[in-house]
Amino acid sequence: MKMSKYIIKRFLYSILVLLGLSIIIFVISRIVPGDPARMALGPRAPEYAVENLRNEMHLDEPLYMQYVLWLGDALKGDFGQSLVTRRAVAEDIIEFLPATMEIVIVSALIVVFVGINLGILSARFSNRWFDGVIRVFSYLGIVTPAFVWAIIFILIFGYTLPIFPTIGRLSSEIVPPQSITGMYMIDGLITGNFAAAGDAFMHIFLPALALSMGPAAQAARITRSSMTENEKKDYITSARAFGIPQKIIMKHQLLKPSLIPTVSVMALDIASLIGNAFLVELLFNFPGLSRYGVTAMLNKDLPAISAVVLVLGIFYILANIVIDIIVSFLDPRIRSFGGVQNA
């Protein structure tokens with residue numbers, strides 16, 4: 001199967017998944033106890049105002065018609081008005097999403113470079129003390145939630161050793177860079193405001209590190225396990241018998257097939273970072289989409305909740321597409337059969 005056809009096929013599947021997700025989101029938002037119109041206007045609003053808003057929100061229509069109207073507005077980027085910020089939910093997402101994306105990008109870089117390299121080193125020095133240290137780190141990273149790492153890093157690097165800031169997105173004395181992408185680090189580098197870019201990185205590093213601990217540990221564990229398993233196979237034994245140096249075997253014959261399960265799991269872990277950032281952003285008082293989502297949940301802000309969940313779903317779907325493409329490059333047999341074998 002050609003790569004272009006393979007990618008198109010995955011996108012078509014993703015559209016169906018996204019459609020199913022939108023149905024689930026809509027149904028949940030309608031079965032949650034409480035009248036959305038009453039919650040939007042407050043308990044003291046007169047009944048006629050609530051009834052007018054109910055008509056504007058099409059709550060008097062049949063459920064299937066409500067979904068069609070809601071989906072049509074969502075496709076145009078109209079998710080309604082937030083009950084908390086009293087602004088269009090789309091405007092809130094545009095404002096808060098770039099901040100979370102900065103954390104996710106830095107976390108993803110840590111996961112990819114630290115996780116894979118630790119796994120390679122662990123396999124390279126298998127059953128030695130260095131391998132034991134990495135395996136202990138992997139177990140601790142996997143079983144410890146991200147918010148616990150966040151608390152530990154705040155106590156150590158925020159108070160005991162005050163190296164990194166622990167509140168907000170930018171120091172009060174730093175002028176924010178001109179907004180291009182909405183991400184302070186990238187905008188600062190583009191506009192030459194290196195002070196803002198550096199300060200933004202200092203604010204992002206601890207929450208990003210807390211988020212990346214689990215996925216990085218998982219990537220290290222899977223990479224080590226896959227490499228030690230593949231190292232026992234006949235083609236590796238034959239390569240050594242022919243006198244091929246160990247470094248070449250590791251790089252060209254062992255690493256590539258061993259990364260297939262790592263990439264499959266790691267990409268989903270990276271996609272989940274935006275969802276796992278809920279408590280981390282709250283602890284660091286970071287103004288991102290995840291904290292916005294938590295606030296929406298606590299206040300039963302259904303339009304905002306629906307939009308945030310839909311954004312999370314889109315990230316997961318895109319992550320699956322990226323997984324399929326990367327894995328198909330690592331193992332061409334997969335796209336030849338028209339499917340992807342996720343580990």
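**Chatting about salt bridges, a kink and a patch**

Modeller: Let's start with a pair of charged residues: E102 forms a salt bridge with R169, and their closest N and O atoms are 3.2 Å apart. Keep in mind that this is a predicted model.

Biologist: Nice! Where do E102 and R169 sit in the chain?

Modeller: The pair links distant parts of the chain, 67 residues apart. E102 belongs to helix α5 (residues 89-124), while R169 is in the loop between α7 and α8 (184-191).

Biologist: Is E102 buried or exposed?

Modeller: E102 is buried, because its relative accessible area is 1%, and buried here means under 20%. R169 counts as buried too, at 10% relative accessibility.

Biologist: Why would such side chains pair up at all?

Modeller: Side chains of opposite charge can pair when their charged atoms come close.

Biologist: OK, how many salt bridges does the count come to?

Modeller: The count comes to 6 salt bridges. Another one joins the side chains of D131 and R224, at 2.8 Å from N to O. D131 lies in helix α6 (residues 129-143) and R224 in helix α9, so this pair ties together parts that are 93 residues apart in sequence. D131 is buried at 1% relative accessibility, and R224 is buried at 14%.

Biologist: And which residues are linked in a network of salt bridges?

Modeller: That would be R87, D92 and E95. R87 is partly exposed, with 30% relative accessible area, and E95 is partly exposed at 41%.

Biologist: Let's switch to α9. Where does the kink lie?

Modeller: The kink, about 40°, is at S212, shortly before the proline P215. Helix α9 (residues 194-230) has 37 residues, yet its end C-alpha atoms are only 45 Å apart, short of the 54 Å a straight helix would reach.

Biologist: How many residues of α9 are buried?

Modeller: 27 of the 37 are buried, so α9 is largely enclosed by the rest of the structure.

Biologist: Now the surface. Which helix gives the most to the nonpolar patch?

Modeller: Helix α7 does, with 6 residues. Both α7 (146-160) and α11 (246-283) supply at least two residues each. The patch, with F147, I151 and L283 among its members, has about 970 Å² of accessible area together. F147 lies in α7 and is partly exposed, at 34% relative accessible area.

Biologist: Last one: what is S22 in contact with, leaving aside its neighbours within four places in sequence?

Modeller: S22 touches Y67, W70 and L71. S22 is in helix α1 (residues 3-31) and counts as buried, at 4% relative accessibility.

Key:
Residues are numbered from 1 along each chain as its sequence is written. This is a predicted model: local features need pLDDT of at least 70, side-chain atom pairs count only at pLDDT 80 or more; totals for chains, interfaces and linings use all residues. Side-chain values use heavy atoms; hydrogens and water are left out. Helices (H or I, at least four residues) and strands (E, at least two) are DSSP runs, numbered from the N terminus. Buried means under 20% relative accessible area, exposed over 50%, partly exposed in between (1.4 Å probe, protein chains only). Contact means heavy atoms within 4.5 Å. Patches are made of residues with over 30% relative accessible area and no salt bridge: like charges are joined within 9 Å, nonpolar side chains (Val, Leu, Ile, Met, Phe, Trp, Tyr) within 5 Å. Accessible areas come from the Shrake-Rupley method with a 1.4 Å probe; for residues, only the protein chains shown count as cover. A salt bridge is a side-chain nitrogen of Lys or Arg within 4 Å of a carboxyl oxygen of Asp or Glu. The expected span of a helix is 1.5 Å times one less than its number of residues. The bend at a residue is the angle between axes fitted to the seven residues ending there and the seven starting there.
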